[in-house]
Amino acid sequence: MLRVGVLAYPGCFASEVFGVPDLLTMAAYVAGPDQAGYEVSVVSPRRRVVASGGVTLTVSPLREVDVLVVPGFEHMPGQDIDAKLARLAGEVEAIRSHAAAGRVAVSICVGAFLLAEAGLLDHRQATTSWLFADELARRRPEARVRPEHLVVTDRGVTTTAAFSAMYDFALGLIREHSGAEVARTTARVALVDDARSSQAPYVDARLLPRPGNGFARPVMRWLDQNLAARYDLAALAGHFNVSTRTMLRRFAAEAGQSPLEYLHSSRVRRARHLLETTDRTVAGICAAVGYRDPGTFAALFAKHTGRRPRDYRAAFRRDAEGRRGQTP
């Protein structure tokens, strides 16, 4: 039996407390009674835990487990995360003690901040929700944050992207403990995608804090308004009455990237929108966002989203398909 504990604490997402145990329960049924299953418990250093939404959880005292899963908690960009973490000192110490014994620690979504607070992410690769990846990287510069990945495992510490990535982790655990066939069958029974590898296609840049302020912001606006135009650094610098060197230096200082890098990402955002909502050909979209060579565009698009344009359209154009299916 693989002993799995889920660490419950005030404000944690109840669905993330029970999501992994539920999928492991399904896997045990799929595997049958002759295979070693899973012993799952919800543990806490507290006697009483109220999760998000006011849900009261029944918890057991901390115990020795092989895998400790740390769910995420209610958090929005711009909120004070320090105050939340300060109230969870007991949970942070429990995570630290568990890992110090050489056992596996796992976080779901922003549960990664608790692992980071316990010092587990230093000098390791890690991930979290794309919405909070920059914040995690700023807080823990010793960690190598990989926001494009759904699940990252580095020397006994596993971190995942947001919410549903707990199923990607759980399927990986089932695959390792019960075998690939059990994992595949469990995924089909639960209607869970077992072929995902990246969270890049799900990133919605409109929800991210926009970099740049005094100088970079109008440059970004100009680039957004001239997506299809040929990139000319000298002309761009001249438009804003600065040298090319000053343009590169000031833009990078505020936006953390070059104007060309920003332009590529902006073009990809526009292409994603057109792929999701129109019937325009990939070649037509390529030209509309400023690329002459469809092959170059497809490679760049895949670099940013993890999928080629046609694959992206097939996966994400549900809204447009739904509208076409409606009766006039």
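Modeller: Let's start with a term: buried means under 20% relative accessible area, exposed means over 50%, and partly exposed is in between, with a 1.4 Å probe and protein chains only. Cysteine 12 is a case in point, being buried with a relative accessible area of 0%. Keep in mind that this is a predicted model, where local features need pLDDT of at least 70 and side-chain atom pairs count only at pLDDT 80 or more, while totals for chains, interfaces and linings use all residues. Residues are numbered from 1 along each chain as its sequence is written, and side-chain values use heavy atoms, leaving out hydrogens and water.

Biologist: How many disulfides does a search of the whole structure find?

Modeller: The cut-off here is a pair of cysteine sulfur atoms within 2.5 Å. Searching the whole structure gives 0 disulfides. For cysteine 12, the nearest cysteine sulfur belongs to cysteine 109 and is 13 Å away. Cysteine 286 is buried too, at a relative accessible area of 2%.

Biologist: Which residues touch the most other members of the largest nonpolar core?

Modeller: A nonpolar core is a set of buried Ala, Val, Leu, Ile, Met, Phe, Trp, Tyr and Cys residues joined through side-chain atoms within 4.5 Å. The largest has 63 residues, and those touching the most other members are Leu57, Val69, Ile95, Phe113, Leu114, Leu121 and Ile174. Apart from that one lies another core of 15 residues, including Ala271 and Phe316.

Biologist: What is phenylalanine 113 in contact with, leaving aside neighbours within four places in sequence?

Modeller: Contact means heavy atoms within 4.5 Å. On that basis, phenylalanine 113 meets Phe73, Ile81, Leu85, Phe132, Glu135, Leu136 and Arg139, once its neighbours within four places are set aside.

Biologist: Is valine 145 buried or exposed?

Modeller: Valine 145 counts as buried because its relative accessibility is 16%. Its place is in strand β8, residues 144-145; strands (E, at least two residues) and helices (H or I, at least four) are DSSP runs, numbered from the N terminus.

Biologist: And where is methionine 26?

Modeller: Methionine 26 sits in helix α1, residues 14-31. At 33% relative accessibility, methionine 26 counts as partly exposed.

Biologist: What about the whole chain?

Modeller: There are 15 helices and 10 strands in the protein chain. Of its 328 residues, 44% count as buried.
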